[in-house]
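User: I would like to learn how to read a model like this one. Can we go feature by feature, starting with a helix?

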Amino acid sequence: MYQEKQQFRQPWLWALLIGVLGISLYRQEFVAIGIVVAVLVLFAFLRLDTRINNEGIAYRWFPFQPRPRLIAWHQIEQVKVREYSPLGEFGGWGIRFGWKATAHTVSGNAGIEIRLKNKKRLVLIGTQQPEEVRRVIEQERQPVA
């Protein structure tokens, strides 16, 4: 079984948010201060959880999804780990909708691409450990003897 928890920890993101908070504090814009503090708290707790086991691949956005969404192996036509362009293909990170896929990403440019049976759209789940994920997928998809 494989588990990965990813959070938004990019220094540029935090610098931007704290910079906006500083400007809002300086100008005493209390509504803006409240909004920025709420966004800071959201990003402090928001995380993408991924689990791969013999049932399939599951993911959830904590704290918004109480239970993970499971994509069972029998629902998957093809799965592979690949590099992608977050800005070029999806316009950034987070839950993003592209022309051919929905992406669930936090940072980086490696992801698990899942093609579901009888579906044209793909699901891409970001990962910080592509080699480990590749190994686990190969292991979990092997039929049990």
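Analyst: Start with the buried side of helix H1. Its buried residues are Leu13, Trp14, Leu17, Leu21 and Ser24. They lie on the same side of H1, because they cover an arc of only 95 degrees around the axis. Buried means under 20% relative accessible area, exposed over 50%, partly exposed in between (1.4 Å probe, protein chains only). The arc is taken over the directions from the helix axis to the C-beta atoms. This is a predicted model: local features need pLDDT of at least 70, side-chain atom pairs count only at pLDDT 80 or more, and totals for chains, interfaces and linings use all residues. Residues are numbered from 1 along each chain as its sequence is written, and side-chain values use heavy atoms, with hydrogens and water left out.

User: Why do residues three or four places apart point the same way in an α-helix?

Analyst: An α-helix has 3.6 residues a turn, so such residues point the same way. In H1, the face turned away from the buried side carries the exposed residues Pro11, Trp12, Tyr26 and Arg27. Helix H2 (30–45) is included in what covers the buried residues of H1. Contact here means heavy atoms within 4.5 Å.

User: What span does H1 reach from its first C-alpha to its last?

Analyst: Helices (H or I, at least four residues) and strands (E, at least two) are DSSP runs, numbered from the N terminus. The expected span is 1.5 Å times one less than the number of residues. H1 (residues 11–27) has 17 residues and reaches 24 Å, close to the 24 Å expected. Gln28 follows H1, with a positive phi near 55 degrees.

User: Now the sheet. In which order do the strands run?

Analyst: Strands of a sheet pair through backbone hydrogen bonds, either parallel or antiparallel. Two strands count as paired if DSSP finds at least two bridges between them. Here four strands form an open sheet in the order E1-E2-E3-E4, with antiparallel pairing. Strands E1 (2–7) and E4 (69–72) stand at the edges, each with a single partner strand, so one side of each has no neighbour in the sheet. E3 and E4 pair over four bridges. Among the bridge partners, Ile57 has Ile71 in E4.
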